[in-house]
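User: I'm new to this and would like to learn how to read a protein structure. Could you walk me through a few features?

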Amino acid sequence: MSLKLPGQLVSTDWLEENLDHPELRILDATVHLHPAADNQMRMESGIADYGAGHIPGAVFADLIQKLSDEGSPLRFTLPTPERFATNIGNLGVGDEKDRKSTRLNSSHLVISYAVFCLKKK
C-alpha cells in the first residue's frame with residue numbers, strides 16, 4: 001500500500017502509526033546554533049543528540065557537512081544538484097515514490113533550509 005501523507009507536516013500520532021512503512025524515510029537534521037563572540041553564530045552538528053537517541057529507523061542528515069555547499073562562505077547554501085542527490089540518496093531518499101518526514105529541533109533557519117532542499121529535489 002502506498003504511503004499517504006496528510007500534509008506537509010505530520011503529527012507524532014501519524015508518525016507512530018506509519019513508522020514501519022517501507023516508503024517512509026525519517027531524517028534527523030538537527031543543527032544547534034550558538035552565539036559566538038564576534039556577533040556571528042557557531043554551528044554545531046546534532047550528531048551527538050542523534051547518537052544519544054532518535055526516532056526508530058531515523059538516519060542523521062548532516063546539513064553542515066553533507067547537505068550544504070562547503071565551498072561557500074555562507075552557511076546552509078544549497079549544494080550542487082549532484083552533491084545533494086548523492087548525499088540524500090545515501091540516506092535512503094530517492095525517486096518520486098519515496099516520502100520524507102523530517103524531525104528537526106533547531107532554529108527556524110535550519111528547518112526552512114531542510115524543507116527548501118527537499119522541495120528543490
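User: Let's start with D62: is D62 buried or exposed?

Analyst: Buried means under 20% relative accessible area, exposed over 50%, and partly exposed in between, using a 1.4 Å probe and protein chains only. D62 has 17% relative accessibility, so it counts as buried. Keep in mind that this is a predicted model, where local features need pLDDT of at least 70 and side-chain atom pairs count only at pLDDT 80 or more, while totals for chains, interfaces and linings use all residues. Residues are numbered from 1 along each chain as its sequence is written, and side-chain values use heavy atoms, with hydrogens and water left out.

User: Where is D62 found, and which backbone nitrogen does its side chain reach at 2.9 Å?

Analyst: Helices (H or I, at least four residues) and strands (E, at least two) are DSSP runs, numbered from the N terminus. D62 sits in the loop between β4 and α3. A polar contact is a pair of N or O atoms within 3.5 Å; within protein, one must be able to donate a hydrogen and the other to accept it, and residues adjacent in sequence count only if both atoms are side-chain atoms. Here the side chain of D62 reaches the backbone nitrogen of Q65 at 2.9 Å, and that of I64 at 3.0 Å.

User: How do I read an aromatic pair, and how many does the structure hold?

Analyst: A pair of aromatic rings is described by the distance of the centres and the angle of the planes. Rings of Phe, Tyr and Trp (its six-membered ring) pair if their centres lie within 6.5 Å; planes under 30 degrees apart count as stacked, over 60 as edge-to-face and the rest as tilted. The structure holds one such pair. Y50 and F60 are tilted, with 5.8 Å centre to centre and 50 degrees between the planes. Y50 belongs to helix α2 (residues 47–52) and F60 to strand β4 (residues 59–60), ten residues apart. Y50 is buried, at a relative accessible area of 16%, and so is F60, at 14%.

User: Which residues of helix α3 are buried?

Analyst: In α3 (residues 81–89) they are F84, N87 and I88. Down the axis of α3, these buried residues fall within an arc of 95 degrees, so they line one face of the helix. That arc is taken from the directions from the helix axis to the C-beta atoms.

User: What does H21 touch?

Analyst: Contact means heavy atoms within 4.5 Å. Leaving out residues up to four places away in sequence, H21 touches M1, S2 and L3. H21 is buried too, with a relative accessible area of 17%.
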